[in-house]
Amino acid sequence: MGREYEAEFNEWLHETFKLRGIAENPPNRLYKFMSSESKYFPLALHELLLHNRLRLTSRRDFNDPFDTQFGVNGTSDPRQIAEFVNGIVSRAPPGLIPTADDVARMSDPALFKDRMPGHLSSALDDVGIFSMSDSVAHPLMWAHYANSHKGIALIFRLGASDDSIGAAFPIRYQDEYPRSALKASGFQMHLIFTKGKAWEYEREWRIAEAKRANQWIEIPSASLLGVVLGARASDETWHLIGELAQRRFDVGMPPLLAYRAEIGESFELGFTQFVGNDEWRPVALK
C-alpha cells in the first residue's frame, strides 16, 4: 500500500468509525454467525478449533448482489486513464513490466472502457472475505445467518494489527453508491467496505484479502474466545462444540467460553453462560 493511498484509507477509516459511533469506544469482540445446517459446518469448526484456520469466501456467495463492488469515474478521460496505467506500470515487478506498445494499448480510452469492468469484476471476485458483526443480540442476524436461531455465533477478540482478526475493518453504510476515481495509486479498494443503508442492522466488520477467495488463513489461537449457541440449537450441535473444545484444551490451546441465547417474554434475546456441571447463569451480551 503506497503512502498516498494509506493516508487516504486511514482518513476514510477514521470517518467510518465516527459514522458508526465507535470512534471513542471501539468493540473488543466480533461475532461470526454460522448455520449448523451447512454441509461445511463440522469442517469449519474442526479447522478453527483445532487448527486455528478460517476460510475466506468470495462475494459470489453473498446474498446481496451489490456487495463488494463499486463504480469507476474517469473511464473516458485520456489523462486519468494514462495516469492510472502509468501507476500500474510503475508498480509492476521486474520481468512483468509492459512494453511501450502494451502501455499504449492499455491507455486507449475505447479499449480501456471496454475491458476495465471485466478486469475489475474478476479481481473483486478473487477477494477473500470473512464477515463478522460487533453485536450478537440482533434477532435478525440469528434468523438470517444462523438458520433461524439453530446455529451458533463464534466470538473473536478484536486484537493486534498483526492478527488477521485485528485487520478486520468496519463496514460503512450509506445511501450513495460508492465510486472510485482513476488514480496513479490504483482503484480505491477500501470502497469494498461500503454497503447500502438497508444492511445497517448487521453492524458488520470484515477481513478482506486480495486473491484469497475460498482459501484458508491462520489466526492466533487466542483470537477465538468462545461460542454462543442459538436459542434453538440442538443437543447435537452442543455436543460437537463440547467435544472439539475439549480436544482443543487437551493440546494446550486456550479454553473457550460458552454462552447460550435465550427466548423469553420479550422481543429481545437474553443470554446465559455455561459455568460447568450443566449449570448456566444469566449474563449480559450486546
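How many bridges join strand 12 to strand 13 (residues 257–263), and do these strands run parallel or antiparallel? The structure is a predicted model, in which local features need pLDDT of at least 70 and side-chain atom pairs count only at pLDDT 80 or more, whereas totals for chains, interfaces and linings use all residues. Residues are numbered from 1 along each chain as its sequence is written, and side-chain values use heavy atoms, with hydrogens and water left out.

Strands 12 and 13 are parallel and are joined by 4 bridges (two strands pair if DSSP finds at least two bridges between them; strands, E, of at least two residues and helices, H or I, of at least four are DSSP runs numbered from the N terminus). Strand 5 (residues 152–157) runs antiparallel to strand 12, with 5 bridges between them. Val-228 of strand 12 is the bridge partner of Ala-153 and also stands opposite Tyr-259 in strand 13. Of the 6 residues of strand 12 (residues 224–229), 5 are buried, that is, under 20% relative accessible area with a 1.4 Å probe and protein chains only.

Asp-64 lies in the loop between strand 2 (53–55) and strand 3 (71–73). Although buried, Asp-64 has no salt bridge, and the nearest side chain of opposite charge, that of Lys-195, is 4.7 Å away (a salt bridge requires a side-chain nitrogen of Lys or Arg within 4 Å of a carboxyl oxygen of Asp or Glu; Lys and Arg count as positive, Asp and Glu as negative, and His and the chain ends are not counted). The side chain of Asp-64 does make a polar contact with the side chain of Trp-199, at 3.1 Å (a pair of N or O atoms within 3.5 Å, of which, within protein, one must be able to donate a hydrogen and the other to accept it, residues adjacent in sequence counting only if both atoms are side-chain atoms).

Terms used:
Buried means under 20% relative accessible area, exposed over 50%, partly exposed in between (1.4 Å probe, protein chains only).
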